[in-house]
Amino acid sequence: MRYIIYFIIGFCFWLLLTLSVNLDHLIAGVIVVLLGTIIFGGYFTDKPVKFLQLHRLFWFIIYIPFFIWYMFKANIDVAYRVLHPQRPIKPGIVKIRTTLKTNIAKVFLANSITLTPGTMTCEIDDDYLYIHWIWVQSSEIEEASKIIARDFEKFLRRIFE
Amino acid sequence: MISPLGWIIIWIGVAFDILGAIGLVRFPDVYNRLQASTKCVTLGTFGIMVGIFLLKGFTPMGIKALICGAFLLLTSPVAAHALMKGSLHFGTKMWKGTVVDKYGEDKLGGEQIEKEEK
């Protein structure tokens, strides 16, 4: 089952890349995607049924503009720190705890944290994440998790769990 | 109407790329430099890709630019994690203004912060 869904997604990407329904392209695509499926299909998600649940897709589509808005804020923030004559930074590595359980959700949380204001993931250790923060507001685990991760966790829990 | 918008987004992207490069020079240690370069360069390059998509529309070139942007968003944080973890394990010291280092306390036996010169 998971191999079939992997194949379908890979083939959709191939169609987007070539944007033609030429027979040669289709045959080449089938061969390439089959190879990819055989090699990497085993690493794919355990419960492919989740792809067919539409409410996850709905929350994912809402998540994209939210995420891009946060990224934009992050860039304004970095631009301010770069251009300010005194270079106002107070960096440090803090530890936060996440309530997400599945691996894919943790990966997305780590990536989202990296691209949002002043924070960047160093390592994931079970439930704990080590975050490099350019302006440390709190080094307590609970408070730091609240500031950094809560907004994303609400979305990611609905999407992936 | 759509063409000027595409150019504006492309130029915003270029501006963020330049800011990222300035940050790379101005910030004091490896970790802060990674912050500046990852964030600004990711959004900057993503902006350029979206601008190309707006200029070209649903042609092969536009769609490819959009897919490049999506993959950039997925892969660039991963590269940053790898660089950051590598420099932590290699033992690169953090800047002397650093206030807290939980990772060093937990994993490396002591804070990895540069001492103030006397």
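Nine residue pairs are in polar contact between chain B and chain A, with both residues of each pair at pLDDT 80 or more. That confidence score applies here because this is a predicted model.

Together the two chains bury an area of about 4000 Å². Carbon and sulfur atoms give 72% of that area. In chain B, three residues lose the most area to chain A: Arg26(B), Gln35(B) and Lys39(B). Together they account for 17% of what the chain B side buries.

Now turn to charge. Side chains of opposite charge can pair when their charged atoms come close. Across the interface of chain B and chain A, one salt bridge is found. Which side chains form it? Lys85(B) meets Glu123(A), at 3.0 Å from N to O. Over all chains, the whole structure has five salt bridges. One further pair is Asp77(A) with Arg81(A), whose closest N and O atoms are 3.4 Å apart. Both residues lie in helix α3 of chain A, which spans residues 54-83. Four residues separate Asp77(A) from Arg81(A), about one turn of the helix.

Four strands form an open sheet in the order β2(A)-β3(A)-β1(A)-β1(B), with mixed pairing. β2 (119-125) of chain A and β1 of chain B stand at the edges, and each has a single partner strand, so one side of each is left without a neighbour in the sheet. Where the chains join, β1 of chain A (residues 92-97) and β1(B) pair in the parallel sense. Two bridges hold this pairing in the count. Gly92(A) has Val100(B) as its bridge partner. For Ile93(A), the bridge partner is Asp101(B).

Last, step back to chain A as a whole. How is chain A divided? Domain 1 covers 2-48, and domain 2 covers 53-160. The C-alpha centres of these two domains of chain A lie 32 Å apart.

Key. Residues are numbered from 1 along each chain as its sequence is written. Chains are lettered from A and ligands numbered from 1 in the order in which they are written. This is a predicted model: local features need pLDDT of at least 70, side-chain atom pairs count only at pLDDT 80 or more; totals for chains, interfaces and linings use all residues. Side-chain values use heavy atoms; hydrogens and water are left out. Domain bounds come from an automatic or database domain assignment. Buried area is the accessible area (1.4 Å probe) that two parts lose on being put together, summed over both. A salt bridge is a side-chain nitrogen of Lys or Arg within 4 Å of a carboxyl oxygen of Asp or Glu. A polar contact is a pair of N or O atoms within 3.5 Å; within protein, one must be able to donate a hydrogen and the other to accept it, and residues adjacent in sequence count only if both atoms are side-chain atoms. Two strands pair if DSSP finds at least two bridges between them.
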